[in-house]
Amino acid sequence: MKIPKTAPLIVLTGAGISAGSGLATFRGSGGLWAGYDINEVATPEGFQRDPELVHDFYNMRRHESAAALPNAAHRALAALEDAWEGPFLLVTQNVDDLHEKAGSRRLIHMHGRLNSVLCTACGKRSEWHEDTGSQIPCPHCGQPALRPDIVWFGEMPYHMEEIGAALENAGLFLSIGTSGTVYPAAGFVAYAKEQGAETVEINLENTHNPLFDRHVSGDAAATLPAFVESLLRSRSGNGSSI
Ligand code: OAD
């Protein structure tokens, strides 16, 4: 396939890109949802029932994320952003900060971030790198009403308008390390394809989703650097062959 070097490029990432950095994915054996009940730790109702359990779950995730380092796949995406001549947007479902640590800048965390808290009393966000708990006061209003700034099941992901506008113009859509089971992110490939984008999936396993024009199978940390290199290689010509 030939991608013009100035084509708008949208990248969607999921937990699989951080697997190579030692962070657990959600689904499958050994995934987070095998050990925890989604309804208990990832819904507004679960938080209402037992806030400390939910704070503790995300405190653990924050500790693991703080100790993790970006891998070659995160770094390849930061290099791609630097080299790409057209519009570029990286949308991640991940709540870790490994894309930032690798140097990505045009980045949307559609499911929130571990390093942010949201006050349910005043609605303000605060950058946060410590443990959270139900007795900790909000730095803005002083109320002990902080929650993890994570989008839970039943809540609307962040920045959907900006993401929708980017997908409308996408020339190339890359989906990396996501099972494609959680909407609305799972619907991005159909939308991008409808708008005429070329679509590529990079995943440990071939999902055989027919909406992707191409599947690159294997560990993203091993396959993505070579994929990015081949995408950029022919940029001196009329387009990039991938
Ligand atoms: P999943 O755990 O559902 O899927 C991870 C995907 O990554 C699977 O398709 C794996 O095959 C793939 N994978 C695993 N290791 C990989 C590797 N080394 N290289 C490449 N691919 C690899 O995670 P997500 O799709 O990110 O939402 O899950 C989506 C959302 O569901 C998450 O953001 C989270 C979760 O519930 C919320 O918590 C709101």
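A charge is taken to sit over a ring if NZ of Lys or CZ of Arg is within 6 Å of the ring centre and within 35 degrees of the ring normal. The structure discussed here is a predicted model.

Q: What makes Arg61 count as lying over the face of Phe57?
A: Arg61 is placed at 4.5 Å from the ring centre of Phe57, and the limit for such an arrangement is 6 Å, together with an angle within 35 degrees of the ring normal. Arg61 is accordingly described as lying over the face of Phe57. Arg147 has a corresponding entry: it lies over the face of Trp152, at 3.8 Å from the ring centre.

Q: Why is the pair of Trp33 and Phe57 called stacked?
A: The structure holds 6 aromatic pairs. In the pair of Trp33 and Phe57, the ring centres are 5.9 Å apart and the planes meet at 20°. Centres within 6.5 Å make a pair, and planes under 30 degrees apart count as stacked, so the Trp33 and Phe57 rings are a stacked pair.

Q: Why is this pair said to tie together parts of the chain?
A: Trp33 belongs to helix α2 (residues 32-35) and Phe57 to helix α5 (residues 51-67), so the pair links parts that are 24 residues apart in sequence.

Q: Why is the pair of Phe47 and Trp152 called tilted?
A: Their ring centres are 5.2 Å apart and their planes stand at 40°. Planes under 30 degrees apart are stacked and those over 60 are edge-to-face, the rest being tilted; the pair is therefore tilted. Phe47 lies in helix α4 (residues 44-49), whereas Trp152 lies in the loop between β7 (146-150) and α8 (160-168), so the pair joins parts that are 105 residues apart in sequence.

Q: How do you know whether Trp152 is buried or exposed?
A: Trp152 has a relative accessibility of 2%, and buried means under 20%, so Trp152 is buried. By that cut-off Phe57, at 2%, is buried, as are Phe47 at 14% and Trp33 at 17%.

Q: What makes the side chains of Asn115 and Asp97 a polar contact?
A: The two side chains are joined at 3.2 Å, and a polar contact requires a pair of N or O atoms within 3.5 Å. Asn115 is placed in strand β5 (residues 112-119) and, at 11% relative accessibility, counts as buried. Leaving aside neighbours within four places in sequence, Asn115 is in contact with residues including Arg62, Asp97 and Trp128.

Q: Why is His159 called partly exposed, and why is His208 called exposed?
A: His159 has a relative accessible area of 46%, which falls between the 20% limit for buried and the 50% limit for exposed, so His159 is partly exposed. His208, at 62%, is exposed, since exposed means over 50%. His159 has a positive phi of about 60° although it is not a glycine, and the description of His208 likewise gives a positive phi of about 60°. His159 is found in the loop between β7 and α8, and His208 in the loop between β9 (198-203) and β10 (214-217).

Q: Why is the protein chain called as compact as a globular protein of its length?
A: The protein chain has 10 helices and 11 strands. Its radius of gyration is 18 Å, close to the 18 Å that the globule rule gives for 242 residues, so the chain is as compact as a globular protein of that length.

Key. Residues numbered from 1 in each chain as written. Predicted model: local features only at pLDDT ≥ 70, side-chain atom pairs only at ≥ 80, totals over all residues. Heavy atoms only, no water. Helix = DSSP H or I, 4+ residues; strand = E, 2+ residues; numbered from the N terminus. Buried < 20%, exposed > 50% of the residue type's maximum accessible area, 1.4 Å probe, protein only. Polar contact = N/O pair within 3.5 Å; in protein donor to acceptor, adjacent residues only side chain to side chain. Contact = heavy atoms within 4.5 Å. Rg over C-alpha atoms; globule rule 2.2 N^0.38 Å.
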